Amino acid sequence: MNILLWLILGALAGWLAGLIMGSDGRNWLVNILIGVLGAAIGGFVASLLGLGGVTGFNLYSLLIAVAGACLLLGVYNLLRRHL
């Protein structure tokens, strides 16, 4: 997949994950970065589980990316509170 599409998908996933996880909206750049990383992590975990990965700019890939971004955003929020 094109790197620009990865960034767009990750930004969208990060924004959606921020809405789902109750982000206050001030850390939108962090949400986007976490979305890009979360898309990669979500695709990796999904492929390990045999579900396929992030294969393109489609609804399934967006759901995988949002799930990975929510996971990563949750870990980030836990670490931020404890440090």
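The expected span of a helix is 1.5 Å times one less than its number of residues. Keep that rule handy for the views of this predicted model.

**Figure 1. Helix α3 gets checked against the rule.** With its 24 residues, α3 reaches 34 Å from its first C-alpha to its last, close to the 34 Å expected at 1.5 Å a residue. Look along this helix for its buried residues: Ser61, Leu62, Ile64, Ala65, Val66, Gly68, Ala69, Cys70, Leu73, Gly74 and Asn77. What covers the buried residues of α3? The cover includes α1 and α2.

**Figure 2. The whole chain is built from helices.** Count the elements and you get 3 helices and 0 strands. Starting at the N terminus, they run α-α-α. Of the 83 residues in the protein chain, 34% are buried. How much of the contact in the chain joins residues at least 24 apart? Taking contacts between residues at least 6 apart in sequence, the share is 69%.

Figure 3. The 18 residues of α1 should span 26 Å at 1.5 Å a residue, and its end C-alpha atoms sit 25 Å apart, which agrees. Its buried residues are Leu9, Gly10, Ala13, Gly14, Ala17 and Gly18, and they pack against α2 and α3. Just after α1, find Gly22, which takes a positive phi of about 75 degrees.

**Figure 4. Helix α2 passes the span check too.** This helix covers residues 28-48, and its 21 residues should span 30 Å at 1.5 Å a residue; the end C-alpha atoms are 29 Å apart, which agrees. Buried here are Asn31, Ile34, Gly35, Gly38, Ala39, Gly42, Gly43 and Ala46. Those buried residues pack against α1 (3-20) and α3 (59-82). Just after α2 comes Gly50, with a positive phi of about 80 degrees.

**Figure 5. Zoom in on Asn31 of helix α2.** Asn31 has its place in helix α2. Is Asn31 buried or exposed? Buried means under 20% relative accessible area, so Asn31, at 8% relative accessibility, counts as buried. Now find Ala11: Asn31 and Ala11 are 20 residues apart in sequence, but C-alpha to C-alpha they are 7.5 Å apart in space. Asn31 also turns up in the contact of α2 with α1 and in the contact of α2 with α3.

**Figure 6. Helix α1 crosses helix α2.** Two packed helices are described by the angle between their axes and the distance between the axes. The axes of α1 and α2 come within 7 Å and cross at roughly 110 degrees. Angles from 65 to 115 degrees count as roughly perpendicular, and α1 and α2 are therefore roughly perpendicular to each other. The crossing of α1 past α2 is right-handed. On the α1 side, the contact has Trp6, Leu7, Gly10, Ala11, Ala13, Gly14 and Gly18, which meet Asn31, Ile32, Gly35, Val36, Ala39 and Ala40 of α2. Sort the residues of this contact and you get 8 nonpolar, 5 polar and no charged.

**Figure 7. Helix α2 crosses helix α3.** How do the axes of α2 and α3 meet? They come within 6 Å and cross at roughly 120 degrees. The two helices are therefore oblique to each other, and α2 passes α3 in a right-handed crossing. From α2, the contact takes in Val30, Asn31, Ile34, Gly35, Leu37, Gly38, Ala39, Ile41, Gly42, Gly43 and Ala46; from α3, there are Ile64, Ala65, Gly68, Ala69, Leu72, Leu73 and Tyr76. The tally for this contact of α2 with α3 is 12 nonpolar, 6 polar and no charged.

**Figure 8. Helix α1 crosses helix α3.** The axes of α1 and α3 come within 8 Å and cross at roughly 55 degrees. That makes α1 and α3 oblique to each other. Here α1 passes α3 in a right-handed crossing. Which residues of α1 meet α3? They are Leu9, Leu12, Ala13, Leu16, Ala17, Gly18 and Ile20, and their partners in α3 are Ser61, Leu62, Ala65, Val66, Ala69, Cys70 and Leu73. The residues of the contact of α1 with α3 split into 12 nonpolar, 2 polar and no charged.

Key
Residues numbered from 1 in each chain as written. Predicted model: local features only at pLDDT ≥ 70, side-chain atom pairs only at ≥ 80, totals over all residues. Heavy atoms only, no water. Helix = DSSP H or I, 4+ residues; strand = E, 2+ residues; numbered from the N terminus. Buried < 20%, exposed > 50% of the residue type's maximum accessible area, 1.4 Å probe, protein only. Contact = heavy atoms within 4.5 Å. Axes fitted to C-alpha atoms, helices over the stretch in contact; angles between N-to-C directions. Parallel < 35°, antiparallel > 145°, perpendicular 65-115°, else oblique. Left-handed = near helix turned anticlockwise from the far one by under 90°. Nonpolar A, V, L, I, M, F, W, Y, C, P; charged D, E, K, R; others polar.
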